Amino acid sequence: MYLDVSMKDINDNIESPFRLKVSFNKILNHYEDLSQSEDQFIAAKARRVLKTAEGFPELREGFSNPAILKEREKEIRVILQDSFSPILTKNEIKTASVPFHDLIFNSSERFKNIIKEAGEDFQLNIKNMPEDDRYIVACAIILAFCHGHHINFKRPFYYEIPNANGIMQYYKILYNADFTEIIPTENAPEITQDDVDELLDNFENIELWKEKFPPNSYTFKGFVISNIFNVTDDQSISNIKSSLIGEDKRKDKSFMKGFYEIFQSLFGFKNLEIGFSIYNKEADTFERVYGVGMNSFLLEDMESKSCVDALCSWSYQRLLQEKAYFSVSDVDRVYKQSDCNPPHIQALHNQGYKSAIFAPIANDEGLMGILEIVSTEAKALNSINANKLIDVMPFIVTAVERSKNEEENLIEAIIQSECTSIHPSVHWKFVQEARQFIKDDWNGKDPSFNKIAFDNVYPLYGQIDIKGSSLARNTATQKDLRIQLESIKTIIRAACDIEKLPIYEQFLYQIDNYLKGLKDHFQVDSEQQISAFIAQDIDPILEHLQDNGTLNDMVEAYFESIDDKVNVLYKHRKDYDDTIAMINKDMAALLDKKQVDAQAMYPHYFERFKTDGVEHNMYIGEAITKEDSFNPIYLYNLRLWQLQVMCEMENSFYLMQSSYPVKLDVASMVLVFNQPLSISFRMDEKQFDVDGTYNARYEIVKKRVDKAYIKGTTERVTQKGKISIVYSQKQDEIEYLRYINFLQAKNYLDDDVEIVELQDLQAVTGLKAIRVSVLYHKDQDDKSFYTYDDLMKEINV
């Protein structure tokens, strides 16, 4: 506030370690020195100032009654004349005041005009000076002035003052304390180094500071001169940076309002609005930023727009290629001059904007979005004030980069939550739906993840199946159960020799029956029955024998042979399970490696499953690639690639067969379906499946065909050493015979091609199969080729 003579004492209602006194003693001392100057003009002027102060001892001794400032206004003006030059008074922003007080008793004309423009209701307050900190900052000043402990407590202090147009201006305050004195009173405690050390770690402990520096324990005599500078541009940039640092700003209703005000301060006028649009590189479109109060003046009321539909060729080159801003200072003039208005001019004209600046938000990787600044006033925005963005854009770019990373993480999180691990070929579709999910959420709608579907895609299916896997597993189970029952039988027989109990004989009888059943007729539930018998009847007996010390070594050896995880003897079954796992791992790894090359040829959807072998699905078509580039040649290429890779997987398997714990065989099959179909992602099962009743026929064939028999025989269509190609149309037969002929020339396949009819499956008739033997190598360096039977003979030899 300015001078208020109704105030009795400037120390009223203020708690401070200072007892404030306005004094001009130090400046008068300075004039005493100047009165001895050799420059007669300076000396004479100094003597005149000193003469003015004579007869008014309070001007040196100090006073706290503000009424004296009014009484001695003329004398004070003379004393401060050199500090407040009349020549510079309309240029400098300067005040004389009391520290930690809003009392100003002298100021430049420019400062008075700034306060006048702010309005009658404006209250001048120092920013960055919390009330709670004023006492502690005053103590820190005392430490420096009186005790020689210089603590770097300085923070920039500001005034926020609106101009005549209501635009907030920011003024930095620099204090000149040359004309101040700080004098300890008799109530001031002695300050030791230990006190200082304690205070350094307790800035926020106000009571501790008051203990060391009690209220009114020091006298402050003098005044401070505040040199004030308009730093609106710098502070606006800082405010932009601070605004962009915060999290979840797009959900904050006040964010865009505050952002508008910051840019209004930066440009110096209120008639200004801010908009954003995001650049989607994949689609070459601009898209609306979803969030509270977010606008895009390029898009108008549209959610997205192709870049070529939003910009003319020059502005497209300017923003996207050169990554440079441009301005339109007079929209109406450009609109009238052009017969065919550029899209961005048309959009601005439609919305009533008269000038605009478009600035690219870009980093080294390219364009991320557009900052759109518009005004309804012509020429308010132009190429000159557009330069104000140079210092602002790096912070906006950083914020957009962070926001983009957060959005990508959020999209991935939603995809993982709503779906599963998604193949790269269809990932774009899930990203598209996830973006829509987020957009609906921002706009307050009830978001739902829409159906993901691809129409008119061609399916390919193949499998390398482990032949006789069920028989191999049953054999392994029989061996383990036989060994376990024989071990139990030995222990029970020994127990019977020691203590002839009828129950032991009954257990031996039951064990013999189980052993006979394993040998003669092993059934599906045999394993479960024997395991239940051991758990319920045998284990308690063995624990009893172990507890009383009878046959302890035998019982202990038996339990050591039992696997802790499955609670059964797990040797041959483990070998079998390990073999299956190793085969699946090796075959899947090879298929995945080959898929990299296939994707490079033409993108397509791919998934594989590990069962008793490895199955894979592929779908190819324009709907998946999202481009107008699909041609049937890519389908034919993928079919040939699949057949060749199946041959390579067969070879790879038999090269590694000897390294597996159990010797097993495999048989490969390819299913041909020559009609395009539709697939969609099933949210409940987290996988793609075919759509439609007719298309379901494909899934039925997939699940049953490997168990199908050749018509009129009991021979399965899939055989070890051969690849079976199942189809239903004559054109498929012709196509695949061409592929086989090619692979025969490359020594992938033998020349024993046979075409067979398959017995009808449930709801499926008319299937045929081409079967042909695979040619194998004995090892990787072997240049010879063998059929399956010949390879087995060579390996056995």
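Me: Which residue in β24 is the bridge partner of Val-756?

Reply: Please bear in mind that this is a predicted model. Within β24, Val-756 has Ala-769 as its bridge partner. That bridge belongs to the pairing of strand β23 (residues 754–757) with β24, which is antiparallel and runs over 4 bridges.

Me: Which strand pairs with β24 over 6 bridges, and in what sense?

Reply: Strand β22 (residues 722–727) pairs with β24 in the antiparallel sense over 6 bridges. Here Val-726 has Ala-769 of β24 as its bridge partner.

Me: Let us turn to the helices. At roughly what angle do the axes of α22 and α24 cross?

Reply: The axes of helix α22 (residues 572–601) and helix α24 (residues 632–656) cross at roughly 150 degrees and come within 10 Å. Angles over 145 degrees count as roughly antiparallel, so α22 is roughly antiparallel to α24. The crossing of the two helices is right-handed.

Me: Which residues make the contact?

Reply: On α22 they include Ile-583, Met-587, Leu-590 and Lys-594, and on α24 they include Leu-638, Trp-641, Val-645 and Phe-653.

Me: How do the residues of this contact divide into nonpolar, polar and charged?

Reply: The contact of α22 with α24 comprises 13 nonpolar, 3 polar and 3 charged residues. Among the charged ones listed in the contact is Asp-586 of α22.

How values were computed:
Residues are numbered from 1 along each chain as its sequence is written. This is a predicted model: local features need pLDDT of at least 70, side-chain atom pairs count only at pLDDT 80 or more; totals for chains, interfaces and linings use all residues. Side-chain values use heavy atoms; hydrogens and water are left out. Axes are lines fitted to C-alpha atoms, for helices over the stretch in contact, and angles run from 0 to 180 degrees between N-to-C directions. Angles under 35 degrees count as roughly parallel, over 145 as roughly antiparallel, 65 to 115 as roughly perpendicular and the rest as oblique. A crossing is left-handed if the near helix is turned anticlockwise from the far one by less than a right angle, and right-handed if clockwise. Contact means heavy atoms within 4.5 Å. Two strands pair if DSSP finds at least two bridges between them.
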